[in-house]
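I opened my notebook for a slow look through this model. Here is what I looked up, entry by entry.

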Amino acid sequence: MFYPGEVVDDRYVVQELLGEGASGEVYRVQDGETGPDLALKIQPPRFCEDTAWYQESSDEIHNEVSIGEQLRTVPGLVRALPGGYHAGRAYYVMRHVSGRDLVDFTEREGAVSSVRTAAIVAQLCGTVGELHSQGWVHRDIKLENTLIASDGQVWLIDLGSAVRPGSEIHLAATPGYTAPEVVQGAAASVASDVFSLGCLLFKLAIMNLPYLNKTGKRLTPIPPFPDDLRPALEALDPVLRAVGLHMIAWDPADRPQSTNVVAGELKRLLPGPATPPRPGREPDPVLRYWLAEYRNDS
Ligand SMILES: Nc1ncnc2c1ncn2[C@@H]1O[C@H](COP(=O)(O)OP(=O)(O)OP(=O)(O)O)[C@@H](O)[C@H]1O
């Protein structure tokens, strides 16, 4: 672990640890003495790992840079930029999102209102939809991989699991967010990303995943949400509830065919250009950001 003030690869001055995950440590760094803040992701230090595992983890870092290079034009996507090695550990740098991830967001604020949830998921739909139209699936959409900047923009991170739809790679996947067909061995697809996004929607709005991590290896469908979560589900705005349930349909053929369809439904819940501002009430940053974008779109 690096301490503030340490310099990575003779260039990046460490400011703070932002997070740690399975594939590495993420720091806020400054590029040189006066450069901008960036986030730097570096593979874990080597202890007794075998050489093959360590090489794989380094390859993952390089793979993310290569995918990031191909996805330069996707709005709302934090992509890896070329880095290098520090003491034998591979690293890359990326835009630093000044804000918080959705885990932190929900831990501090609790369940998110239906309108705010719709604004967050609608922004994600734009990013994920563009990723899909450029021929990729993300495969690891979850609260931990979503950041909200202080200006209300929502950013998707971590392209480490991204693949071309239909690729025969069946690993990765976070329990509870992974579509049942993928757990059972099918290739990831647009529909499996839509499923994960639906799980994220419910995790935001009722603080629980619909199938509570129980999709693994089940061949027959199970109903979402145990009885004790029904009241929370019923309390949601009906539009949000209906879209969410559509997204997490067990059979991929029953889900919305694209994130555009999802965004179109969610817009019904969101303020539009004609919505009068509520006197004396400053909209929260996510809604404000949404409104600014929506106005630009129309
Ligand atoms: N660009 C960034 N700006 C600000 N914070 C970031 C950024 N990238 C990552 N973080 C923070 O670091 C945490 C870990 O990042 P990331 O998900 O990339 O690690 P990981 O090792 O791939 O995790 P896992 O593989 O376990 O999902 C994130 O949840 C987030 O809080």
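I began with Asp9, which I found in the loop between strand 1 (7-8) and strand 2 (12-21). I take helices (H or I, at least four residues) and strands (E, at least two) as DSSP runs, numbered from the N terminus. I kept in mind that this is a predicted model, in which local features need pLDDT of at least 70, side-chain atom pairs count only at pLDDT 80 or more, and totals for chains, interfaces and linings use all residues. Residues are numbered from 1 along each chain as its sequence is written.

Asp9 has a positive phi of about 55 degrees, although it is not a glycine. Is Asp9 buried, exposed or partly exposed? Asp9 is partly exposed, because 16 other C-beta atoms lie within 10 Å. My cut-offs: a residue is buried if 20 or more other C-beta atoms lie within 10 Å of its own, exposed if 12 or fewer, and partly exposed in between, with C-beta atoms placed from the backbone.

Asp10 sits in the loop between strand 1 and strand 2. I noted a positive phi for Asp10 too, about 60 degrees, and Asp10 is not a glycine. Asp10 has 8 C-beta neighbours inside 10 Å, so I put it down as exposed.

**Entry: Gly32**

Next I went to Gly32, in the loop between strand 3 (24-31) and strand 4. Gly32 is exposed because 12 other C-beta atoms lie within 10 Å.

**Entry: Lys41**

Lys41 belongs to strand 4 (residues 37-42). An unreviewed UniProt entry places the feature "binding site" at Lys41; UniProt positions are given in the numbering used here, feature names are shortened, and annotations may be inferred rather than shown by experiment. Lys41 counts as buried because it has 24 C-beta neighbours inside 10 Å. Which residues does Lys41 touch, not counting those up to four places away in sequence? I listed Gly24, Val26, Tyr91 and Tyr92, taking contact as C-beta atoms, placed from the backbone, within 7 Å.

**Entry: Met94**

Met94 is in strand 6 (residues 89-95). Met94 is buried, because 22 C-beta neighbours lie inside 10 Å. Leaving out residues up to four places away in sequence, Met94 touches Leu38, Ala39, Val78, Arg79, Ala80 and Leu81.

**Entry: helix 8 and its partners**

I then turned to helix 3 (residues 114-133) and helix 8 (residues 259-266), which pack at an angle of about 160 degrees with their axes 8 Å apart. The axes are lines fitted to C-alpha atoms, for helices over the stretch in contact, and angles run from 0 to 180 degrees between N-to-C directions. Residues meeting here include Ala118, Val121 and Cys125 in helix 3, and Val262 and Leu266 in helix 8.

Helix 7 (residues 238-247) packs against helix 8 at about 165 degrees, with axes 10 Å apart. Helix 7 and helix 8 are therefore roughly antiparallel. Val239, Val243 and Met247 of helix 7 make the contact with Val262, Glu265 and Leu266 of helix 8.

How values were computed:
Two residues are in contact if their C-beta atoms, placed from the backbone, lie within 7 Å. Angles under 35 degrees count as roughly parallel, over 145 as roughly antiparallel, 65 to 115 as roughly perpendicular and the rest as oblique.
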